[in-house]
Amino acid sequence: MRRREKVMSVLAILGAFLGGVGLILLSIFDTKRHPKLHRVFLLIFVVGTALSAIFTVAEVSLSPD
């Protein structure tokens with residue numbers, strides 16, 4: 001595995017971890033009692049998931065044929 005693929009893999013894992021943390025916190029802070037925090041954690045979840053997907057695609061596109 002090339003170095004660039006390893007970096008993309010680690011970044012994808014970090015993005016997935018960030019999305020997972022955002023999802024857990026999103027489930028804890030509901031919209032009725034914490035509307036602002038709920039939106040912040042929703043954004044963290046979406047950004048983390050998007051980053052994970054982007055880095056996963058980059059990792060696969062960098063892999064040798």
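Start with how the two helices cross: select α1 (3-28) and α2 (residues 35-62), and you'll see α1 pass α2 in a left-handed crossing. The residues in that contact split into 15 nonpolar, 9 polar and 3 charged. Keep in mind that you're looking at a predicted model.

Now look at the geometry. Two packed helices are described by the angle between their axes and by the distance between those axes. Here the axes of α1 and α2 come within 7 Å and cross at roughly 160 degrees. An angle over 145 degrees counts as roughly antiparallel, so that is how α1 and α2 run relative to each other.

How far apart are its end C-alpha atoms? They sit 38 Å apart, and that agrees with the 38 Å its 26 residues should span at 1.5 Å a residue. Then pick out its buried residues: E5, M8, S9, A12, G15, G19, G22 and L26.

Last stop: which residues of α2 are buried? Select H38, F41, G48, S52, A58 and E59. Bring α1 back into view and you'll find what these buried α2 residues pack against: α1 itself.

Conventions. Residues numbered from 1 in each chain as written. Predicted model: local features only at pLDDT ≥ 70, side-chain atom pairs only at ≥ 80, totals over all residues. Heavy atoms only, no water. Helix = DSSP H or I, 4+ residues; strand = E, 2+ residues; numbered from the N terminus. Expected span 1.5 Å × (residues − 1). Buried < 20%, exposed > 50% of the residue type's maximum accessible area, 1.4 Å probe, protein only. Contact = heavy atoms within 4.5 Å. Axes fitted to C-alpha atoms, helices over the stretch in contact; angles between N-to-C directions. Parallel < 35°, antiparallel > 145°, perpendicular 65-115°, else oblique. Left-handed = near helix turned anticlockwise from the far one by under 90°. Nonpolar A, V, L, I, M, F, W, Y, C, P; charged D, E, K, R; others polar.
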